[in-house]
Amino acid sequence: MTSLPPRAGRRCHNSVNPLHSTVYFSPDYTDELKQLGVEDERAAYFAGRAAAMGAVGPGTITATFYNFNHELVARHVPAVWDIASPEAVLAARLRAVDRTLRRLLGDEAVASPEMAEAARLALRAAEGCTRHARPLYAAHADLPVPEEPHLAYWHAATLLREHRGDGHLAALLDAGLDPLEALVSHTATGKGMAPRWVLGSRGWRRADWEAAAARLRERGILDAGGELTEAGTALREAVEDATDRLDLAPYELLGADGVARLTELARGFLMAAVAAGAFPADLTGKG
């Protein structure tokens, strides 16, 4: 039995998580990784998100990231570690976070009492996260917390993101959705990544997308027009509900008032970042 309002944890995650994601769309991140010699943007993404786990191979990244084509991962990993060590990548990523948040939010917001409060609340929530069966979270939990509040907030957002994400993969497996079926069905909700972004960044071909859609139609999850059926809508919601249950602990620890306040603060930062052009305008949608 939870003391939180229904889906309060999900709403908080949806407010906190996107600010974490801004760095991977940031020219500052691309620049910092290029200075290490990592020229390819996809190699930079794999390295930056996986570096907390050490110089892992392509299999580990494919397993923990879930929805990337393994052929794409193997094209860049482990070769990227010959260019830059995980330690150098982590340092570059944090420099990029500093540059990105200052550019998107401004120095005043970065140094504000609200940022410091958000960092305290998010770090407190992260104390409720658990390591078992959560490899990406556990790896990031071993990293030191940065001293500056805006970097500490981003670090805490990363912990909360990867904790929920690790649980989400278990929910997808339980629902019988393979990596591309998960993407296709999420896009069909209207909230997921647009197909051209999936195909451009995840290494899948249009034929792969169509084959996954055909499998979902056979299961009654998509209709002939590619929209979610009633059963498909129920399945996607069941996945999110299962993810909520697996991700309840940090928000229970923070408490209803703390969750509400963190959500409020996070939304303010997120709206400012979006207004500053943090994300491509066509990133999400069915088209």
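F46 is buried, at 1% relative accessibility. Buried means under 20% relative accessible area, exposed over 50%, and partly exposed in between, with a 1.4 Å probe and protein chains only. The model is predicted: local features need pLDDT of at least 70, side-chain atom pairs count only at pLDDT 80 or more, and totals for chains, interfaces and linings use all residues. Residues are numbered from 1 along each chain as its sequence is written, and side-chain values use heavy atoms, with hydrogens and water left out.

**Aromatic pairs**

A pair of aromatic rings is described by the distance of the centres and the angle of the planes. Rings of Phe, Tyr and Trp (its six-membered ring) pair if their centres lie within 6.5 Å; planes under 30 degrees apart count as stacked, over 60 as edge-to-face, and the rest as tilted. By this rule there are eleven aromatic pairs. Two of them are tabulated here.

| Pair | Centre to centre | Angle between planes | Type |
|---|---|---|---|
| F25 and F279 | 5.5 Å | 75° | edge-to-face |
| F46 and F68 | 5.2 Å | 75° | edge-to-face |

F25 and F279 link distant parts of the chain, 254 residues apart. F25 is in the loop between α1 (8-21) and α2 (27-36), and F279 is in the segment after α16 (248-275). Helices (H or I, at least four residues) and strands (E, at least two) are DSSP runs, numbered from the N terminus. F25 is partly exposed at 31% relative accessibility. F279 is partly exposed too, at 23%.

F46 and F68 are 22 residues apart. F46 sits in helix α3 (residues 41-50), F68 in the loop between α4 (58-65) and α5 (70-76). F68 is buried, with a relative accessible area of 4%.

Both F46 and F68 belong to one aromatic cluster with Y24, Y29, Y45 and F65. The charged end of R49 sits over the ring of F65, 4.5 Å from its centre. This label requires NZ of Lys or CZ of Arg within 6 Å of the ring centre and within 35 degrees of the ring normal.

**Nonpolar cores**

A nonpolar core is a set of buried Ala, Val, Leu, Ile, Met, Phe, Trp, Tyr and Cys residues joined through side-chain atoms within 4.5 Å. The largest has 63 residues. Those with the most contacts inside it include F46, F65 and F269. A second, separate core of 24 residues includes Y66, L169, W204 and A213.

Contact means heavy atoms within 4.5 Å. Not counting residues up to four places away in sequence, F269 touches L19, L105, A109, E114, M115, A118 and Y153. L265 lies in helix α16 and is buried at 7%. With the sequence limit of up to four places again left out, L265 touches E114, E117, A118 and L121.
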